[in-house]
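Let's take a guided walk through a protein model together.

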Amino acid sequence: MKQKSEIKRRDFLKLSLTSAAAFTIIPRHVLGGKGFIPPSDQLTKAIIGVGGMGRGHIRYQGAKLLAICDVDREHLKLAQEICESNVDSYTDYREVLQRSDIDIIHIVTPPHWHGIMAVEAAQAGKDIWCEKPMTRTIGEGKKVVQAVQQNGSIFRLNTWFRFADSFYGFGTTVKPIKKLVESGILGWPLTATINATTGFDWKFYWSGRTNLIPQTIPDHLDYNMWLGPAPYKPYHPHRVHSSFRGYWDYDGGGLGDMGQHYIDPVQYLLGKDSTSPVLIEVDAPQQHPDAVSSWRRIEYTYQDGCKIILDGENRETNAAFLEGPDGRLFKGFKSDIPGLWEKVNTLPDPEPQVTDFASAVRSRTKFALNEENGHRSCTLVNLGKIALRLGRSLKFDPENQVVIDDELANRLIHQPMRAPWII
Amino acid sequence: MNHRKTILILLFMLTGSIVLCQTRAAGSDDQRTLKTKVVDVLTEMPAQDEGHYIKLMEDMLILGEPGILMFTDMLQPPGEEDDSRVRLAISGLAKYVTNAGYEDECEIFNSSIMKAIERNENDYIRSFLISQLQFSGTDAIVPFLGKFLMDDFLCEPAARTLIAIQSSGSEEVLLKALGESSGANQITIVKALGDLGSAKAGKEIEKLALSEKSELRKVSLYALANSGSPDAEKILFEAANKTGFQYEQTGATQSYMLFIKRIGEAGETKVVERMCHYLMDNAPSNIRSQALSLLIYFKKDEGDQILLDALEDPDSQFRATALQLTNRYPGKDITQKLVSKLDETPAVVQADIIRTLGERGDQTAIPSILDCLTHQDQVVRLSAVIAAGLLAGEAAIVPLLDVMHDGTPEDINTVKGTLLFIDSDQLVPAIYNALDEMTPKSKAALFEVLVNRDPDGFHDLAVLESGNPEKEIRLAAYSAFAILATPEDGEVIFKQFITRKDPEERKALQNAILSLAKRMDVAEQSSFLGMFSGLSPENKQYFFEILPEIGGKKALDMVMTDYFTCEENQKELPLETLGRWQTPDAIPRLYDILLEERMNYYRNPAMDYYLEMTKRSRIPDAQKVLFYRQLLELSPCSDREDEILKQLSSLPVFQTLILAGKYLDDPDLQQEAARTIAQIALPSEVGNDGMTGKIVADLLRKAEKVISGEENEKEKQRIREYLSSMPDDEGFVPIFNGKDLTGWQGLVENPIARAQMDPEALKKARQEANRKMHECWKVEDGVIWFNGEGANCCTVKKYGDFELVVDWKITKNGDSGIYLRGSPQVQIWDTSRTEVGAQVGSGGLYNNQEHPSKPLLIADNPVGDWNTFRIIMIGERVTVWLNGYLVVDNVIMENYWDRSQPIFPVEQIELQAHGTNLGFRDIYIREIPKTDHNQLTDEEKQEGFVQLFNGKDLQNWTGNTTDYVVEDGVIVIYPDKGGHGNLYTEKEYADFIFRFEFQLTPGANNGLGIRTPMEGDPAYVGMELQILDNTAPIYRRLEQWQYHGSVYGVIPAKRGFLKPAGEWNSEEVIIRGSDIKIILNGTVIVDGNITEASKNGTIDGNKHPGLKREKGHIGFLGHGSVVKFRNIRVKEL
């Protein structure tokens, strides 16, 4: 019992030091300095994918929008209407990447494109702002990490709860929870339960449909390019745009949609930004080969005994969000430890993080949620997907990022792409 | 342990019990046809959990190749019939056979799939099957896949499967196909060879790499690069060099970089070095970074110096990469080298190096970093501040405070942030120690640290400093109050609040007041806020700004007092404050203002606030109707009346209809009223089936007449259509006519005593009671008023199950209630009467002792305002909504008059008299007919039928009584654990008439066993009369004798008489000797003789020894689907 509470803040620091840099408190105007390759005054960006989600990116602050790109001309038209000034429209992202005047590429396509586009953007010398989930497979994620780091790109994944905004049912950001975890007050190891009781509703409306009746491809959509590296399947409107998450070829249902929003902060809280679980267990109905359906439970266990439990049907109605040997933390920052909120206020802050992407780009420092920790939290999503599709538990080697003794599972870590797409 | 064994043990653990009692499980006595077995598996798809999955997969494996082919033959091209269960089965097996220990099964599966691919002609089906081999495929199927590389449609899926299999055989077949391919297939094949890193096609691909077609060139360059063959260097370099090492569509540069990596992996470090150096000298920024990364990767031993040199590069992206790569070199050595670099580089590079040192966590860098705290360049200083905090922690505190002492605003801010994350007991003492010498700005920043790290200790100082002459310090103290102020500090805060005029300070004090008030209990808050009465107009304005957010009764009272006491020309502030209120408790207050200010200038804005707040508040519909009705009764202008009627159309409760109905005769408002009625009463697309009943029909008929204008013809048409199809039920009827007490009578004794009275005495007592009733219960303006003295007012009619809606209001100290079935009572009382426990609110079942008696929440409106009840009583259970809030949730109501017996099945409803004035209005009741489907008709009783299911439990039944459960008067089987299992009558029957009702889910499968023993498969050891959703696509190819109603395997039934899944069917089975007749929903579907039908062997070719049995059990035979049964009765012949 003693051993757990001896996990000290210093250990956490050491762990996270290897992965994240952190200097949010330097004001933006002093970054970059004088005279020595000054950063351009105005950062510029392009958005690839301007469907509903992509059009939201038009308003993101920090860089001037120069170009938009989509394989659906209707999307381009809608996006043009809400752009403040004239921006250039493209239907082939490769032409956008070739423009030398663009600093940042926003990747807002379905996930089956994220890997290729992020790698090519890094190869084109761009910085990257990528939608979640980061990549559709673990293998693609590894390639993105490598490309971003070797090219010296700055990468941000577009979920933010680890550093900003009220964290679902907690009425606060994750910061005080991080302070609580680092203090060791709850003990060690911790179990995090993610369900409706703890403030995170798993929605299964992202299920796919089976037996789609093939439809005529609309004139305004380049369906072949929309599919890109995904296998060719006859067109149906439910496959594309707002409902693509229901198909394994492009994403992974509600887990793909909300997974990283929910899990990434938990990974940060548990200090698991540079590792992965060793055991993944699922309880779910059998999954259709094409269409994603629901699941009941996905349980991740780390080497040190920490667990993350995704409780899809909210079966554990008394669950704490975090449970350790010495205490529990519930939704709304309630706890079985009296006066916890006041106690937490007096604890030291967690290490600072770079939470302004423009600053990260200008100073060439890692953003709070970057390719490395983002890949790890996306790996949680992707491991869950593999276990769901195979209907069996997985043992994982976090170091080499391969499934142990399961060749088929490893075939799902690297999934072949349709020619001519390579990553 | 052998993996396969593990799975089988797991299977046994999870499903063993079911397998054992399930007579249709695979085994020697399994006489089902292959087709049936396939269909049985499909019925259960998708598997519900791992155990079920293993079971289904094992069931499939037993069927071998013929079985697998039967599955694959059922695949449909896209857009044809739904074959998703078949796809689930095949893809499930493709994954299952990859379990360790299943190598033989995997081989059988793969060879079966190959056969299936060959005998199927549809490209999409073949593509699906080839894709499944991506999971289970092994080297053995590679030659087979090779055949499809020439096929325009199947080349691509075949290539992907070959890549997944990744064997040397894959490479061979791809190489073979390469020479013969062209166009898209060629691209696919080259790319696949690239993925496999094949080096054998070098020469051929080199040619393709010169192609004009960019896609072909791209995959060729990639394939050459990934092969790592040294011969490719020239082509790759030239291709990349030609692009200036820029990104373009053929990915030439990237292929070249990949090539360098492969060369390095082959150990050719020298070559790597040459290539990387060239790139670092000639390529754009990010490619230089890549070259640097590759170089360090392959030349790690000499890499540190390369990195240190790179720090002098003018390219910031390159430097950042170099700094990041220093992480590859742990230890003091490189730390010291980085430190020594500090002196040689420009400030901005120094800052980057310091940052990296901070991340390294190597404490040997501390002295140099502390030195940098005094660096003249701010960029360096700020980096050093954070690095010092990260590395030195406690030891950095004093030096950091020194930086703060003389610091710029950025220094102060960065030090503050850094101190906040330092974990040390020395932090707080050190800060107190340094405070005196700090500038006001630094001091204010340190206050921010103290308020977090030492709130208790800092409290007194914060109070003291709130009077500091320096504004910055005062501001910091005020901000601290928001966290650490206690109720005792209220006065200090109040004094500061009335003194300070500066907007910034006022804002900070507002926050402090708000935060403190929210942390206080009711009494504390009341006395704290009380200080703020009598403020100057300007101060009042600042104070009132935050009141809506503070909320609560005291705050509301203050605003109301202000409104009623201030000068006429100053009422705008309190009124506008009410208008911003965040909770709906301000709505009744606005109503109070409206009552007082009939002719006032503020009447209009008050009404606007009232309307707007009612509209936006999250309160139940019934409460909103009360609010709107209250306003309507004040006769606002017709624009508002119109607006209210419009708003009502979004409140789909019965009261809305009644209210809107009152406006159907008003020429100005009738249009809106009629539309609202139509909107509420007609079925909507979401969930609402439409309201029914006589009142509804009358109102709709009237609305239809009222609605005018051609553009509304469609709406009128909808009303007419709905009226014509509306079920003919009575619905709600008024039990108070609004004019007099017709239908009501006085109270005579309690129901038990009453029942014992002789009729004469009862009649007399009744006359007396009625006389008294008219003295104390009066009708005025559509309301029944009680004057405070006398007894209950009771309905003449008695009610059983019903839904009641009634509005009520009470006066100060009021007490009343509604008796249900002659029994006390759904409670009504003034919640301020805490001495009797009224603070729990109205609506509870007051006299309950065993079951809950208190309401779930307080939902009362203020005394004097109307409230509305909705009460549903079914059997002995009562549900109550007060003002739309659920306050009693399906609770048993106890019999107050005799606690040993349940509540009376029917009795009168009574309005309780309990000594205070009160009123009731709009009393409507809907009687709910009793529905018990498990009842013998009188005829059946006479004929000698016996009820086999009592609607409550499984009395008379045996067998699997766990998966079959009783719910709401029906027997349901839930296939949670595979869902098999049979439920048998305890008794055996020979000749009989058996009648029952059943409801199917889509694709459902069950069976009715007759004359069967309880061991073995009833289809053979007894008889099984099929129960099946014939319409499900998966049953498309069954044999005639497998469809619903058939004597399984013996006599086929007529098809086409089942109701759609989800509806109830009724069926009758008559068996006498060997004659059998089955009537489904009134149609004879089987009329045969089993001896006759089996004399030359049965049509399924199986043995049916059960046909000879003379008697046995009747049973439901579960095959894994949800099916419901009810109204089961039998007559022996």
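Helices (H or I, at least four residues) and strands (E, at least two) are DSSP runs, numbered from the N terminus.

Before we go on, a word on how to read all this. This is a predicted model, in which local features need pLDDT of at least 70 and side-chain atom pairs count only at pLDDT 80 or more, whereas totals for chains, interfaces and linings use all residues. Residues are numbered from 1 along each chain as its sequence is written, chains are lettered from A and ligands numbered from 1 in the order in which they are written, and side-chain values use heavy atoms, with hydrogens and water left out.

Now look at where the two chains meet. Chain B brings 87 residues to the contact and chain A brings 72 residues, with contact meaning heavy atoms within 4.5 Å. The size of an interface is often given as the accessible area lost when the parts come together. Between chain B and chain A, the buried area is about 6,800 Å², and carbon and sulfur atoms give 57% of that. Buried area is the accessible area (1.4 Å probe) that two parts lose on being put together, summed over both. How many salt bridges are there between chain B and chain A? The count is zero, a salt bridge being a side-chain nitrogen of Lys or Arg within 4 Å of a carboxyl oxygen of Asp or Glu. Polar contacts do link the chains, with 25 residue pairs (both at pLDDT 80 or more) between chain B and chain A. A polar contact is a pair of N or O atoms within 3.5 Å; within protein, one must be able to donate a hydrogen and the other to accept it, and residues adjacent in sequence count only if both atoms are side-chain atoms.

Salt bridges do turn up in the structure as a whole: a search over all chains finds 101. One of them joins Arg162(A) and Asp273(A), whose closest N and O atoms are 2.8 Å apart. Arg162(A) sits in the loop between strand S6 (155-157) and helix H8 (175-183) of chain A, and Asp273(A) in the loop between helix H10 (253-269) and strand S8 (279-283) of chain A, so this pair ties together parts 111 residues apart in sequence. Both Arg162(A) and Asp273(A) are buried.

In chain B, Arg160(B) and Glu156(B) form a salt bridge at 2.9 Å, N to O. These two are four residues apart in helix H9 (residues 155-165) of chain B, so about one helical turn separates Arg160(B) and Glu156(B). Elsewhere, Arg629(B), Glu633(B), Asp807(B), Arg921(B) and Asp922(B) are linked in a network of salt bridges.

Next come the aromatic rings, which form 67 pairs over all chains. Rings of Phe, Tyr and Trp (its six-membered ring) pair if their centres lie within 6.5 Å; planes under 30 degrees apart count as stacked, over 60 as edge-to-face and the rest as tilted. Phe543(B) and Phe544(B) make a tilted pair, 6.2 Å centre to centre with 50° between the planes, and both Phe543(B) and Phe544(B) are buried. Phe996(B) and Phe1125(B) are also a tilted pair, at 6.3 Å and 45°. Phe996(B) lies in strand S19 (residues 992-1000) and Phe1125(B) in strand S26 (residues 1123-1132) of chain B, so the pair ties together parts 129 residues apart in sequence.

Finally, some backbone details. Most residues other than glycine have a negative phi, and most peptide bonds are trans. The peptide bond from Trp188(A) to Pro189(A) is cis, with omega near 0°. Trp188(A) counts as buried because its relative accessibility is 7%, and its side chain makes a polar contact with the side chain of Asp304(A) at 3.1 Å. Asp781(B) has a positive phi, near 50°. Is Asp781(B) buried or exposed? At 76% relative accessibility, Asp781(B) counts as exposed.

Note on methods:
Buried < 20%, exposed > 50% of the residue type's maximum accessible area, 1.4 Å probe, protein only.
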